[in-house]
Amino acid sequence: MNRLVARSVSLMTVSALAVGMAACSSDAGKGKSSGVVTLTLLSHYAGPQEEQLKPYIDQWNKENPNIQVKLEPVDFGELLKTISAKQTAGKVADIMHVYSMWGGQLGKSKVLADPPADVVEDIKSNYPEAAVKGSSIGGKVYGYPTEVQAYALFYNKKLLKDAGYDNPPRTWDEMYSMAKKMTKKDASGKIEVQGFGFNRGYASIVDQPFLSLLATAGGTLLSDDMKKAQLDSDTAKKTLEYTAKFYTDGISDLSISVGKSFPAEQTAMTIQAGWWAGTLAGTMKDLYANVGTAPIPSPDGQTKGSLAYTWMWGVNSKSKNQKEAWAFLNWFNTKPIKDGLTPEANFLLDAFNSVSSRKTDLNAQKLKDKLASDTVLKTFTDALQYAKPEPNPAAGAEIQDILYKQIESVWSGQTTAQQALPLAQKDIQAKLAAD
Amino acid sequence: MANKRSKLNRGQALTGYLFLMPVFGFYALFFLIPLLFSLYLSFTEWGGFDLSLIKWVGLDNYRELFREGSPFLNPIIKNTFVFAFGTVLLSFFIALAVSYMITRLKYEGFWRTLYFLPTVTTIVAIGNVWLYLYNPTNGVINEVLRKLGLQTVRFLDDPSTALASIIVVGGWLGIGSSVLILSAGLKAIPEDYNEAAMLEGAGLWALYSKITLPLLKPSILFVLITSFIGGLQSFTLSLVMTKNGGPGNSTNVGGLEMYNQAFNYGNWGTASAMAFVLFVIIFAVTLLQLAVFRRGGVESY
């Protein structure tokens, strides 16, 4: 009997431990079998963008049979949550594409590995200061800058022309009056064409155009040292009231998705980042010829302002294959493979009609020709010169959400700019203080 | 003899426990340890990545939740209760009527299956179908409203209608499982009571209110408690239909805020504190419901 009990105890304990071990096992040490290292690359390049990234990954995999890269695409809205869930569960991705706004949060939790000295040196000497800042956390470089994007005005030339305008607006007042004139409604009052509209759906797509407009009026979200919120200014109030007027005056409708209505020529003007041009070209086909871009109108028509944000390729601090991961990133970001451009530059051009910020890419004839002939691309390249970099405090994602919710509350008529901004200021200041 | 029997009983009990060990192990691994760990986390600050970076902060997370002007109390907890009450009331009263009727219909199983179908459909699909129905520009509901000469309703984009629109979906979704339980409860009521009452001259309403409803109390209690707990914990519909609890915080509920705090902002301590506050609330509400129904006599019939 005793032997039976002892055997039963042993068997059940081993079974329970096996279940536990299986549940808690980590992927951190995996990826190496028979001398072949498999690197996982987690990014928001899903769908068509994944297809455009894949040929370069395939090329690397073919040339480097011992270091294979496997793509793990997720939608942008799920990327930070996926990084967080995977990291917590020990299922870490070796290479991650990270939005600079999350840098503070990821840096605080030591998610990103320190790059080797030669990588840091290469980044510092081959990218513009704004890009280096975007891929740095607390002044320390963590990865290769990728999408350095600024905001500008997208407009539909045909809709403007039909309303009697040959040029895009230069001032806030012009933009408002032109939008009002271009807005068309049916008999029931439903908007059929909105003169101007903001994108909606998640925090950054709402905050960044707002902060770009704020920049044209000389305002910012945070002080340069990221210690103080700046939403208690008259400029912030004036900007939020200006954006809300489009909704309260029936020029814009919160229910209309600009992502769908602009390509369908049912929204005449919007503020978006440069990458959107690539999406529009793919969606609108021939109608893309009607798309124009211009600097964002400012209150006085003279001041130029925009917001620039950055993404970066980084390596997971928990990855057991960091050396191989940096080797891949080094190839992807620095080695010219086609038309004198790096894989990253080729991919950015194919997928987003965007330009790499790496000096060697910018010196390639193909990019020079492209910049000389593509006015849309030029608008955004110029905007990078005057755009303010998006700050990345440790509570970046939370601060972005606080502002987003207050902006939406004002746009939807729940509250006023005068009531919303002090609340946002107080909450953001509390988050900055907690950092 | 007695000593031998006692030894035998002890041996049997031990063997019984041994056979239960895998279940205990599973329970401890996936419930008890995470529960205790999250209780501990609620007193800490942690970004969710590296266990060595957990920092003890005492009651700070709880203080932050209950500070004046905290969005957690208003509107998030308020929304959570409105959502839970709204969905429970809607689904319960409809289910009560439906179950009473279908137990008197032919092909009862078919009707029950029909009402139960939404419950077995994935909530993401349901949320997306209703998103299309609610769409202000080309959704079916607004098309009908416009045909009737009425104004377009911006169901999910207007803060005054957004939460109610999600409650309707949640309520509709809950009808099936409530119908299943209530119709089973109705069938368990012996016909003798109704027959005796009818002989005494009781009408349809008297039968329903004096016999059916009181005898259905155990099923009603079960439906109300489980639906209400489910309602307080639910966040998938808000996530699918509004993505972030918007506009503003108008559809943000406890579960969604917890999820965002942990996975989006890296505030695992705050998220865990929210989870325990919600746990205490659910526990208290459940005790209250039990007490109310026990006073009414639900023990047996």
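In chain A, the centres of domain 1 and domain 2, taken over C-alpha atoms, are 28 Å apart; domain bounds here come from an automatic or database domain assignment. What you're looking at is a predicted model, where local features need pLDDT of at least 70, side-chain atom pairs count only at pLDDT 80 or more, and totals for chains, interfaces and linings use all residues. Residues are numbered from 1 along each chain as its sequence is written, while chains are lettered from A and ligands numbered from 1 in the order in which they are written.

**Domains of chain A**
- Domain 1 of chain A covers 32-148 + 309-381, and domain 2 covers 150-308 + 389-434.
- Where they meet, domain 1 of chain A puts in 24 residues and domain 2 of chain A puts in 23 (contact means C-beta atoms, placed from the backbone, within 7 Å).
- On the domain 1 side, H4(A) has the largest share, with 4 residues (helices, H or I, have at least four residues and strands, E, at least two; both are DSSP runs numbered from the N terminus).

**Nonpolar cores**
- The largest nonpolar core has 123 residues, and Ile95(A), Ala150(A), Ala179(A) and Phe328(A) have the most contacts inside it.
- A nonpolar core is a set of buried Ala, Val, Leu, Ile, Met, Phe, Trp, Tyr and Cys residues joined through C-beta atoms within 7 Å, and buried means that 20 or more other C-beta atoms lie within 10 Å of a residue's own.
- Both domain 1 and domain 2 of chain A give residues to this core, so it lies between them.
- There's also a second, separate core of 48 residues, which includes Val88(B), Ile102(B), Leu163(B) and Phe228(B).

**A helix pair in chain A**
- H18(A) (396-411) and H19(A) (417-434) pack at about 170 degrees, with axes 9 Å apart (axes are lines fitted to C-alpha atoms, for helices over the stretch in contact, and angles run from 0 to 180 degrees between N-to-C directions).
- That angle makes H18(A) roughly antiparallel to H19(A), a label for angles over 145 degrees.
- Among the residues making this contact are Ile399(A) and Leu403(A) of H18(A), plus Leu423(A) and Ile428(A) of H19(A).

**Chain B and where the chains meet**
- Chain B splits into domain 1 (2-33) and domain 2 (60-295), with C-alpha centres 39 Å apart.
- The contact between the chains takes 37 residues from chain A and 32 from chain B.
- H1(A) gives the most to chain A's side, with 9 residues.

Technical notes. A residue is buried if 20 or more other C-beta atoms lie within 10 Å of its own, exposed if 12 or fewer, and partly exposed in between; C-beta atoms are placed from the backbone. Angles under 35 degrees count as roughly parallel, over 145 as roughly antiparallel, 65 to 115 as roughly perpendicular and the rest as oblique. Two residues are in contact if their C-beta atoms, placed from the backbone, lie within 7 Å.
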